[in-house]
Amino acid sequence: MTHSKSCGRFAPTPSGRMHLGNILCAMLSWLSVRSRGGRYILRIEDLDAERCPRALADQIEDDLRWFGLDWDDGGSDGGDAWYQSCRSSVYETYEARLRERGLLYPCFCSRAELHAAQAPHRSDGTYVYAGTCRGLTAEQIREKSRKRGAATRLIVPDETVFFEDGCQGWYEENLARDCGDFIIRRSDGVYAYQLAVVVDDGEMGVTEVVRGQDLIGSTARQMYLYRLFGFAVPQFYHIPLLTAPDGRRLSKREKDLDLGVLRKAFGRPEPILGMLAKACGLRETARPISLPELAEGFDWSRIPKHDLALPSEILQVVNFS
């Protein structure tokens, strides 16, 4: 294969053992970039270090290798630079750039106050911040700071952001109406996902982002940040999610079909990869198959937009409860 300048990534959060939906995302992101001879990296999104112990990150690496996924940079071999929990000083630099431009302000609103506010909200029930703290005076900020720590919000313009998603198609969102000023740093000092993921993808040269379609609503905010920081915007692919027999989406919290169960049940990765390949339209049958075989002729146009039911072949082997 001819080497290209494309760079893909898998960026899991080690808050629990990966489930089958996480593997589907890793598989498609790997196939997309490897089918074109591109670079692939593994980044660990452990911003909340207390919730994401390093042992779980190591388990993710072991599970990925078991499936045959490899990466050119990142993971434990790459050192601390590939763990978000170790990159706070990097994020501080970019936060300072936003502050210098007058785009940040402290927000003292509690979660209860946000939900009680008469703010507009999106059709999916997500609250849109009404700008309550945007106009606070210096004296008001000092007074509120004595009672509560402040989160940091980024001012957004009344502007519509649009893009062509590689899987879902056309998407657009108005930053002021559909999003509102958003948090880039929590009141406890932990940087928010929106800021960290943009800084990391920009600095690491990521050219394509493959993730679940439940995250498509965060893309406009991130595109705004890419522009503010002068980064090229990657191509996005928001993939369908796997759903349980009762229709809900798989969850690490519920320990839905985690890799421990699947590895014990099947013994080797090829049967699982074959079932996933059939479920997402890459193959007509669920015959066992390896990742290199799947990379041959990989085509995004075959991936459906809608959520996917768990492969029946897996349910016949593994008891889902």
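What follows is a short chat about rings, a helix and some strands in a predicted model.

Student: Before we start, what kind of model is this, and which atoms count for side-chain values?
Tutor: This is a predicted model, where local features need pLDDT of at least 70, side-chain atom pairs count only at pLDDT 80 or more, and totals for chains, interfaces and linings use all residues. Residues are numbered from 1 along each chain as its sequence is written, and side-chain values use heavy atoms, with hydrogens and water left out.

Student: Why is the pair of F162 and W170 stacked?
Tutor: Because the ring planes of F162 and W170 are at 20 degrees, with the centres 5.3 Å apart.

Student: What about F298 and W300?
Tutor: F298 and W300 make an edge-to-face pair, 5.4 Å centre to centre with 80 degrees between the planes. Both residues are buried.

Student: Which residues form an aromatic cluster with Y94?
Tutor: F229 and F231 form one aromatic cluster with Y94.

Student: Which ring does the charged end of R54 sit over?
Tutor: The charged end of R54 sits over the ring of Y83, 3.7 Å from its centre. R153 lies over the face of Y129, 3.5 Å from the ring centre. The rule here is NZ of Lys or CZ of Arg within 6 Å of the ring centre and within 35 degrees of the ring normal.

Student: Switching to helix 10, which of its residues are buried?
Tutor: L259, L262 and F266 are the buried residues of helix 10, which spans residues 259-266. They cover an arc of only 65 degrees around the axis, so they lie on the same side of helix 10. That arc is taken from the directions from the helix axis to the C-beta atoms. Helices (H or I, at least four residues) and strands (E, at least two) are DSSP runs, numbered from the N terminus.

Student: What covers those buried residues?
Tutor: The cover includes helix 1 (20-34), helix 2 (54-67), helix 11 (270-279) and helix 13 (312-315), with contact meaning heavy atoms within 4.5 Å.

Student: And what is at the start of helix 10?
Tutor: There, a side-chain oxygen of D258 comes to within 2.9 Å of the backbone nitrogen of G260. After helix 10 comes G267, with a positive phi near 80 degrees.

Student: Now strands: what order does the open sheet of three strands have?
Tutor: The order is 1-2-3, with parallel pairing. Strand 1 (7-10) and strand 3 (73-74) are the edge strands, each pairing on one side only. Two strands pair if DSSP finds at least two bridges between them.

Student: How many bridges pair strand 1 and strand 2?
Tutor: Four bridges pair strand 1 with strand 2 (residues 39-42), and R9 has I41 as its bridge partner in strand 2.

Student: How many residues of strand 10 are buried?
Tutor: Four of the five residues in strand 10 (residues 235-239) are buried. Strand 9 (residues 208-212) runs parallel to strand 10, joined by five bridges.

Terms used: Phe/Tyr/Trp six-rings, centres within 6.5 Å; stacked < 30°, edge-to-face > 60°. Buried < 20%, exposed > 50% of the residue type's maximum accessible area, 1.4 Å probe, protein only. Polar contact = N/O pair within 3.5 Å; in protein donor to acceptor, adjacent residues only side chain to side chain.
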